[in-house]
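Okay, thanks for making time, everyone. I'd like to walk you through one chain today, going contact by contact. Let me put it up on the screen.

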Amino acid sequence: MSDRVVLRARPGDDGETRLESASVGIFTARVGSGEVVTAGQHVGTLEVLGVSRDLRVPKGVSGRISAIAGSGKARVPVQFGEALLTLTAAVDVGGAAELGGSAAAVAGTLAFEAPMSGRFYSRPSPNDPAFVSAGDTVRRGQTVGLLEVMKTFNRLVYQGDDLPEVAVVESVVPADGDDVVRGDVLLGLRPAGD
């Protein structure tokens, strides 16, 4: 069983933002030092009494990771209110945040999220072109990728009440074959015509 928990953000005196644990538990980071994270991104898990909870970045928060509890070691015991991640402001390059490590969607853009957990594939087979790439225009109902769940391939179709009918792909966030969890950003988008 896995629940989603939004981390608590607390601004520091030095301009950094601390993402703090809402309870005691065992923390496992899913991101690395130097990576840029954005609101809603899955950044790790907190195990409390045998129940694993997915940790998410709160709304309105983004930045580059400057410190991780336990220096990024797996399964670190943490206390209530302990900083799990410390963020500095992301560097702005030409109007878009510079992304490092495993890319994250740029703050302020639209996001097409994974509807369930699984393994993401951007193309129908290794020799075929990608369903969509950065710069492509997508329309409601268009296939944008595949998600393998329990040895079954599911088409990912561009749709969503909060997404425009037509959009331009800014970035494809996961690499081909990456594992994703429900709610992870798959495509960074902007409305067509912007």
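Let's start at Asp179, which sits in strand S19; strands here are DSSP runs of E with at least two residues, helices would be H or I runs of at least four, and both are numbered from the N terminus. Before I go on, this is a predicted model, so local features need pLDDT of at least 70, side-chain atom pairs count only at pLDDT 80 or more, and totals for chains, interfaces and linings use all residues. Residues are numbered from 1 along each chain as its sequence is written, and side-chain values use heavy atoms, with hydrogens and water left out.

Back to Asp179. Its relative accessibility is 47%, so it counts as partly exposed; for the cut-offs, buried is under 20% relative accessible area, exposed is over 50%, and partly exposed is in between, with a 1.4 Å probe and protein chains only. What does Asp179 touch once you leave aside its neighbours within four places in sequence? Arg30, Gly118 and Arg119, where contact means heavy atoms within 4.5 Å. With Arg119 there's a side-chain to side-chain polar contact of 2.9 Å. By polar contact I mean a pair of N or O atoms within 3.5 Å; within protein, one must be able to donate a hydrogen and the other to accept it, and residues adjacent in sequence count only if both atoms are side-chain atoms. And look at Ser117: 62 residues from Asp179 in sequence, but 7.5 Å away in space, C-alpha to C-alpha.

Arg30 comes up again in the salt bridges. The rule is a side-chain nitrogen of Lys or Arg within 4 Å of a carboxyl oxygen of Asp or Glu, and that gives 10 of them. Arg30 pairs with Asp184, with the closest N and O atoms 3.0 Å apart. Asp184 is in the loop between S19 (179-180) and S20 (185-191), and Arg30 is in the loop between S4 (25-29) and S5 (36-37), so this pair ties together parts 154 residues apart in sequence. Asp184 is buried at 7%, while Arg30 is partly exposed at 36%.

Next pair: Glu165 and Arg140, whose side chains meet in a salt bridge at 3.1 Å, N to O. They're 25 residues apart, with Glu165 in the loop between S17 (152-157) and S18 (166-172), and Arg140 in the loop between S15 (137-139) and S16 (143-149). Arg140 is partly exposed, at 34%.

Then there's Arg10 with Glu20, closest N and O atoms 3.1 Å apart. Arg10 belongs to S2 (residues 8-11) and Glu20 to S3 (residues 17-20), so the pair ties together parts 10 residues apart in sequence. Buried or partly exposed for Glu20? Buried, at 3%, whereas Arg10 is partly exposed at 44%.

On to the sheet. S2-S3-S10-S8-S5 is the order of five strands in an open, antiparallel sheet; two strands pair if DSSP finds at least two bridges between them. S2 and S5 are at the edges with a single partner strand each, so one side of each has no neighbour in the sheet. S8 and S10 share four antiparallel bridges, and Ile68 has Leu85 in S10 as its bridge partner.

While we're on S8, that's where Arg64 is. Arg64 is buried, at 18% relative accessible area, and a polar atom of its side chain lies 2.5 Å from the backbone oxygen of Gly34.

There's also a hairpin, S6 with S7, with two residues between the strands. The two run antiparallel, joined by six bridges, and S7 covers residues 51-56. Val48 faces Val51 in S7, and in the turn Leu49 has a positive phi of about 50 degrees.

Last topic, the packing. A nonpolar core here is a set of buried Ala, Val, Leu, Ile, Met, Phe, Trp, Tyr and Cys residues joined through side-chain atoms within 4.5 Å. The largest one has 19 residues, and Phe27, Val43 and Leu85 have the most contacts inside it. S6 (42-48), S8 (63-68), S9 (76-78) and S10 (83-88) each supply at least two of its residues. Leaving aside neighbours within four places in sequence, Val43 has contacts that include Leu7, Val37, Leu55 and Leu85. A second, separate core has 16 residues, among them Phe112, Leu147, Val169 and Leu189.
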